[in-house]
Amino acid sequence: MRRRRLFGGLAALVVAVTGVVAVAAQPAQAAAGFTVSGSRILEANGNNFVMRGVNHAHTWYQDRTPQALADIKALGANTVRIVLGSGQRWGPDNAANVSAVITQCKANRLICVLEAHDTTGYGEQSGAATLAQAVDYWISIKSALAGQERYVILNIGNEPYGNTNAAAWVADTKNAITRLRAAGFEHSIMVDAPNWGQDWQFTMRDNAASVFATDPQRNTIFSIHMYGVFDTAAEINDYLGRFITAGLPIVVGEFGHNHSDGDPDEDTILATAQSRGIGYLGWSWSGNGGGVEYLDLVTNFSASALTSWGQRLFNGANGIKATSREATVYGGTQPTTPPTTPPTSPPTSPPTSPPTSPPAGRTCTATYAVTGSWGSGFQGAVTVTAGGTAITSWTVTWTWPSGQQFTNTWNASVTSSGSAITARNMPYNGSVPARGSTSWGFTAGSTGTNTAPTPACAAA
């Protein structure tokens with residue numbers, strides 16, 4: 001992110017009928033580090049990894065990087081996206097420079113997403129680099145990247161097209177992936193969307209399957225940047241949901257709480273990412289200028305001076321502190337099975353009833369939040385938090401107070417009897433560490449008043 005443009009034709013976002021073409025999930029080829037399987041990102045040991053982190057503008061603030069990475073980790077992040085210059089507009093950050101950054105990421109037990117920023121807005125931004133030039137840069141510093149596949153994801157170029165000739169993104173991205181693989185790179189490759197990263201023309205969305213198939217390692221991750229284009233829950237859920245349905249990996253590589261091109265719905269971005277097991281990386285740690293200083297997560301690089309945006313991202317509902325899990329390469333623990341996509345129909349029969357009295361000491365609490373609304377519909381998220389003892393299963397119950405009805409649920413097995421609701425954990429999210437949390441989500445309809453229920457939680 002460096003600058004944004006407001007563009008016309010945004011109404012197409014909510015009325016588009018075309019979508020990502022589903023592709024059959026293929027096992028990733030053997031690799032030295034991260035791989036993808038369907039919509040999941042996996043570590044080399046097969047454990048699921050969900051990015052929870054922020055962006056740091058290293059190329060402009062190199063003296064700040066060591067302390068910034070330590071502070072970002074201390075606030076709970078498991079990933080940092082590092083802004084590099086490839087030499088066309090900034091930098092170049094040479095192999096020794098990049099090697100030092102990787103070492104600092106590893107010292108702070110962070111996964112490092114490295115991105116070449118010079119491509120930002122190509123075709124519309126004067127002096128921007130091409131994706132081909134970005135590949136030249138990566139090849140020139142390959143010595144710093146070789147052997148780091150367990151710790152580094154290679155983001156070819158930031159927002160590699162503006163709004164001019166964005167359709168060329170497809171061929172250029174395919175060529176870039178092909179060249180990187182031919183040069184021997186075995187890293188997971190991340191590709192940003194065109195249209196200043198926001199893909200309002202759906203170029204990335206509608207061509208993602210063919211781009212993915214170009215990678216002989218089937219190890220490409222798609223990154224959408226969510227600013228003013230994504231200002232409603234419907235837009236956010238539709239865009240991310242199409243990738244999940246197609247079995248393609250998607251992350252929110254940048255997003256903010258506000259922007260000059262509109263007001264992003266950050267609450268829905270966070271809730272949807274959590275409920276669907278999608279990674280996110282907030283923009284950005286500190287040092288923003290040009291009228292978007294409000295995107296700083298901390299003031300003047302001080303971790304003790306969180307801005308309102310920083311408080312929301314790190315400490316709010318579905319934020320980094322509550323949902324981040326350290327990569328297992330550093331000793332963290334991760335579930336091996338991710339959240340599933342929302343079911344198309346409710347279970348035909350409820351699961352076995354939980355014990356009538358949970359083991360002593362095992363408790364949980366449930367919090368209910370509306371994360372977006374439209375017309376007579378709305379989306380919500382329920383966060384289950386374990387007490388002082390780890391739990392192995394949970395059950396959330398409530399009674400709808402205003403006649404609401406579910407239209408879809410995910411990450412929980414939900415049954416209803418009239419207005420009485422019972423939600424039980426799925427096989428992969430019943431175990432929650434002491435004071436840890438997990439979430440499940442839903443969409444529902446309401447008529448008139450949409451009074452929030454009061455959920456109760458029981459654990460075993």
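Predicted model: local features only at pLDDT ≥ 70, side-chain atom pairs only at ≥ 80, totals over all residues.
Local features need pLDDT of at least 70 and side-chain atom pairs count only at pLDDT 80 or more, while totals for chains, interfaces and linings use all residues. Residues are numbered from 1 along each chain as its sequence is written, and side-chain values use heavy atoms, with hydrogens and water left out.

**Overview. The protein chain holds 11 helices and 18 strands.** Both are DSSP runs numbered from the N terminus: helices are H or I with at least four residues, strands E with at least two. Of the 460 residues, 57% are buried (under 20% relative accessible area; exposed is over 50%, partly exposed in between; 1.4 Å probe, protein chains only).

**View A. Tyr 137 and Trp 138 form a tilted pair.** The whole structure contains 26 aromatic pairs (rings of Phe, Tyr and the six-membered ring of Trp, centres within 6.5 Å; planes under 30 degrees apart are stacked, over 60 edge-to-face, the rest tilted). Here the ring centres lie 5.2 Å apart with planes at 55 degrees, and both residues are buried.

View B. Phe 406 belongs to strand β14 (residues 405–410) and Phe 442 to strand β17 (residues 437–445), so the pair ties together parts 36 residues apart in sequence. Phe 406 is partly exposed at 22% relative accessible area, whereas Phe 442 is buried at 0%.

**View C. The charged end of Arg 205 sits over the ring of Phe 202.** It lies 3.9 Å from the ring centre (the criterion: NZ of Lys or CZ of Arg within 6 Å of the centre and within 35 degrees of the ring normal).
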